[in-house]
Amino acid sequence: MSIVFLPELRALVAAGRRLLGIDLGEKTIGLALSDTLLTVATPYQTLKRGKFTADATGIETIAAKEGVGGLVIGLPLNMDGSEGPSAQSVRAFARNFSGRSSLPILLWDERLSTAAVQRDMIAADVTRKRRAAAVDKVAAAYILQGGLDALRNLPPR
C-alpha cells in the first residue's frame, strides 16, 4: 500500500482489524497491538533487528496471524520537528515495507516516547534488567496509543 495520513488510515482499516504499532530501534523492533475496536494499545513483542527482508517478514507474519489492518510506525523527529538520520531511516523502512505489503502505514511522531516509558517504568520501580527487556514493546504501545487516541478524536466520517 503506501504511507497515509490519519483520516486515510481510518478509511482503509476494515472493521474488526487491529493496528500494529512499531518502534524501530537500531538493535530491536518493539511491537504493540491494538484491540479490534481500535481503542487500547498493548505491548506485544520485541524482535531482534536484522536485515530488512527478515525484519519485514517477521512483521508480515505477525500481522497476518493477529489480523492487522494497518501499521503505526514511530517517527523519531528532533525536538524542533526536523528529521535527522533516525527519522530518515524509519522513512526508508516504511517506504521499502510499503513496496511489499498491502497494509497502510501511518508515521507517528514519537518524540520522547522512550524517555516517557523509561520514566514511568522507573517510577513503577521496574528493575533495570526488566526495563531493558520491555522498553521497546512498551514504547511501541505508547506510540500506537497516541495514534489510536488521534483516530478517536477525528471528526465523524
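Strand S2 (residues 18-24) is largely enclosed by the rest of the structure, because six of its seven residues are buried. Buried here means under 20% relative accessible area, with exposed over 50% and partly exposed in between, using a 1.4 Å probe and protein chains only. This is a predicted model, in which local features need pLDDT of at least 70, side-chain atom pairs count only at pLDDT 80 or more, and totals for chains, interfaces and linings use all residues. Residues are numbered from 1 along each chain as its sequence is written, and side-chain values use heavy atoms, leaving out hydrogens and water.

- Strands (E, at least two residues) and helices (H or I, at least four) are DSSP runs, numbered from the N terminus.
- Two strands pair if DSSP finds at least two bridges between them.
- On the parallel side of the story, S2 pairs with strand S5 (residues 68-75) over five bridges, and Gly21 stands opposite Val72 in S5.
- S2 also runs antiparallel to strand S3 (residues 28-34), joined to it by five bridges, with Ile22 opposite Leu31 in S3.
- Three residues lie between S2 and S3, which form a hairpin.

- Leu148 belongs to helix H5 (residues 128-152).
- Leu148 counts as buried because its relative accessibility is 0%.
- Although Leu148 and Gly21 are 127 residues apart along the chain, their C-alpha atoms are separated by 9.9 Å.
- Not counting residues up to four places away in sequence, Leu148 touches Leu19, Ser34, Leu38, Thr39, Val40 and Ala41, where contact means heavy atoms within 4.5 Å.
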